[in-house]
Amino acid sequence: MSSNSSNFLVLLKTFTESLERAFAANDIEVLKADYDAARASDNDKKTALHQAFRDMLLTKTEDIPAIERFISFAVNSCRKDMTVATMPVVLLGDIFDAVTLDRAEQIFTYVENNVAIWKEECFFTACKHNLLRMCNDLLRRLSRSQNTVFCGRILLFLAKFFPFSERSGLNIISEFNLENITEYGMDGNEMAVDQLSGGADPEVDGEPAEENKLKIDYNLYCKFWALQDFFRNPNQCYNKVQWKTFETHAKSVLSAFSSFKLEEHRASSTSSGPATKPSDIGGSATAAAAAAANNCPMEEDQIRESGHFFAKFLTNPKLLSLQLSDSNFRRSVLVQFLILFQYLNSTVKFKAETHVLTQAQSDWLKETETQVYQLIEESPPNGKKFANTARHMLLREELWNSWKNEGCKEFKRPEAALEDTSSSTAAVAGGAAAGGAATSAGTGRPPAKRPRKPLGDLIRDATKQGKFYMGNSEITRLWNLCPDNLQACKGTDRNFLPSLETYLENPKEKQDPSFEWRALRLLARQSPHFFTLFNSPSYKVADYLESVRKKIQKDKLDIKLEHAIQEETAPTNAEQPEAEGEGLVGEEEHEQMDTELLKTEQLTPEDKNTHKTLAVTKAQLSELAPSIGRDWKKLATKLGYSADEIQYFESEHATVADQCCHLLTLWFDDDMDASLDNLAYILEGLDMIPAADAVKQMIALLSDKVEEVSE
């Protein structure tokens with residue numbers, strides 16, 4: 001152990017120095033030369049170099065360009081097969097854990113720009129789980145409200161990195177984020193209630209409230225924010241009561257939008273006030289106010305440079321009038337209507353069967369959708385262009401919905417035929433092809449494939465012909481060679497087993513290490529001697545097989561001799577057909593052979609003495625108990641006794657020897673297979689060799705006594 005650790009430290013020091021020189025010179029070959037010169041296994045060298053990379057990276061946490069160059073250097077070392085493929089991602093995970101979120105956001109730009117590297121074959125399979133874990137760790141550290149852009153960049157990177165068919169990133173069963181609850185109300189805001197109820201008219205931003213064209217009351221406030229619950233869970237609309245509520249609220253809100261038209265300069269001036277800053281109501285940016293001061297519409301570049309916009313609004317009742325006057329806020333709500341309408345009208349695989357709209361509901365959705373698009377077109381700036389963009393995005397969403405309904409099949413790029421290949425093919429054809437052939441060659445498209453026949457039709461046609469269709473031509477051919485497959489398996493040509501006598505007499509087979517095992521298998525299959533003679537595990541298999549072979553030969557000779565005597569003494573019957581007589585003799589021969597094989601009286605005295613079960617007394621078991629000793633519990637478990645029974649043995653007797661003796665006595669009394677031979681076999685299997693030797697000595701002693709008695 002100490003030698004391994006010292007070897008690792010030597011390799012770590014060597015590779016650390018080499019890595020510093022190679023990185024300073026930006027030459028991977030310097031590190032490669034030292035790596036090849038090190039005398040150690042590849043696994044040890046990769047482990048040491050892996051640690052050297054991680055240690056050196058932690059010294060560069062302040063220099064972001066150096067970190068990026070160091071990660072690229074690690075990528076090159078992976079391509080040289082000096083480190084594992086996960087090394088760059090492990091280094092990125094280490095550096096993200098060691099730096100602040102501001103620096104992590106800058107370093108993540110390197111991860112985004114090198115997405116092509118992570119998608120290479122040598123990195124993708126090994127790194128995909130590490131990259132996903134790294135991104136999830138970052139997302140857990142970030143705040144969705146404070147670091148919205150960084151969170152979005154991470155999610156976009158994962159969308160670019162993983163293929164569309166990656167099911168872990170798909171909402172397969174069309175679940176909704178039911179936890180996104182919008183809270184609103186008047187608790188502790190009596191002044192706001194008075195304002196919305198038409199009471200006092202306070203000044204807003206130093207201007208009288210009478211100038212606000214849009215009058216907000218309590219009912220409109222509640223209806224407006226109650227719609228967010230339907231946007232959160234659209235399936236509520238399939239309930240008749242909930243549908244009535246949604247329809248009423250939607251009409252009120254859209255009517256309020258229609259009654260208050262936004263103008264370019266009004267939207268800009270409204271958003272320029274301090275009460276309408278983006279952090280409060282998600283309003284426009286400073287560029288909008290600058291454009292409004294000159295009474296000119298905003299250009300696209302100005303809109304893009306105005307900063308990021310986050311569609312997360314506050315529900316304070318004081319802000320509702322300002323929010324409804326903001327173009328971005330209005331567009332956000334109207335697009336929510338369009339998304340909801342599309343879901344209610346579309347066919348989704350995991351929708352419940354009861355989630356179906358009536359004809360009246362469908363007609364109302366079409367009319368309201370037209371009204372929503374009209375309101376979007378009227379909202380500045382560039383309302384018509386925004387409406388066309390929203391319509392195009394929702395059309396693409398229908399394609400994605402169809403793709404999910406079909407099981408999210410993997411996208412494959414079509415194989416485009418090269419122009420030069422097509423022209424060369426046409427030239428080889430002789431240059432005389434006319435009409436359609438020339439046209440297909442000119443288009444560069446591959447020839448159209450013949451449509452495949454459905455699987456059900458192929459199976460039906462094969463069944464009509466009395467054949468099987470297995471899906472593969474070769475397997476189908478083999479399966480149909482014989483109409484009845486079970487009968488084919490029973491054929492004589494399928495019997496590859498040799499006869500027992502031939503196998504035992506073949507000297508070449510005896511050289512096979514598995515000869516004894518194969519011989520016993522044949523004996524169990526072809527001869528009853530396996531069940532009548534071999535009942536002692538301590539009996540040598542080779543001697544047993546030899547005695548069986550002699551016994552079979554002797555039985556066959558005795559049977560043939562007996563049949564010869566019967567044929568000589570038996571009277572011949574001339575009237576009986578010759579063929580029938582031969583059949584009778586054959587049947588008698590088989591019956592007598594089976595009878596003779598089952599007779600144990602044909603055993604030689606040697607065989608009788610060998611296979612006779614030896615009787616054991618309690619005194620002899622008491623002699624064996626000390627040799628087993630404290631391991632008797634292991635023997636008891638092997639013999640099939642439960643924990644309760646073992647505890648009973650311990651409670652009945654105080655000494656270990658008495659407990660073991662009680663166990664053996666009970667086993668010999670209850671188990672029909674209990675014998676000293678089996679006990680020796682079990683003890684050898686439990687690695688209790690001294691106890692097994694003691695049992696064998698007792699077997700030899702008892703066998704000698706039996707022989708003396710038999711003589």
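Q: What covers the buried residues of α8?
A: In this predicted model, the cover includes α4 (64–79), α5 (87–98), α6 (101–113), α7 and α9 (148–161). The buried residues (under 20% relative accessible area, 1.4 Å probe, protein chains only) are Phe123, Phe124, Cys127, Leu131, Met134, Cys135, Leu138 and Leu139. Helices are DSSP runs of H or I with at least four residues, numbered from the N terminus. Local features need pLDDT of at least 70, side-chain atom pairs count only at pLDDT 80 or more, and totals for chains, interfaces and linings use all residues. Residues are numbered from 1 along each chain, and side-chain values use heavy atoms, without hydrogens and water.

Q: Where does α8 bend, and by how much?
A: The bend is about 60°, at cysteine 127; this is the angle between axes fitted to the seven residues ending there and the seven starting there.

Q: Why is lysine 119 called partly exposed?
A: Its relative accessible area is 45%, and the term applies between the 20% limit for buried and the 50% limit for exposed. Lysine 119 is therefore partly exposed.

Q: What makes the approach of lysine 119 to lysine 160 a polar contact?
A: The side chain of lysine 119 reaches the backbone oxygen of lysine 160 at 3.3 Å. A polar contact is a pair of N or O atoms within 3.5 Å, within protein one able to donate a hydrogen and the other to accept it, with residues adjacent in sequence counted only if both atoms are side-chain atoms. The 3.3 Å distance therefore lies within the limit.

Q: Which residues does lysine 119 touch, beyond those up to four places away in sequence?
A: Lysine 119 touches Phe124, Lys160 and Phe161, contact meaning heavy atoms within 4.5 Å.

Key
Helix = DSSP H or I, 4+ residues; strand = E, 2+ residues; numbered from the N terminus.
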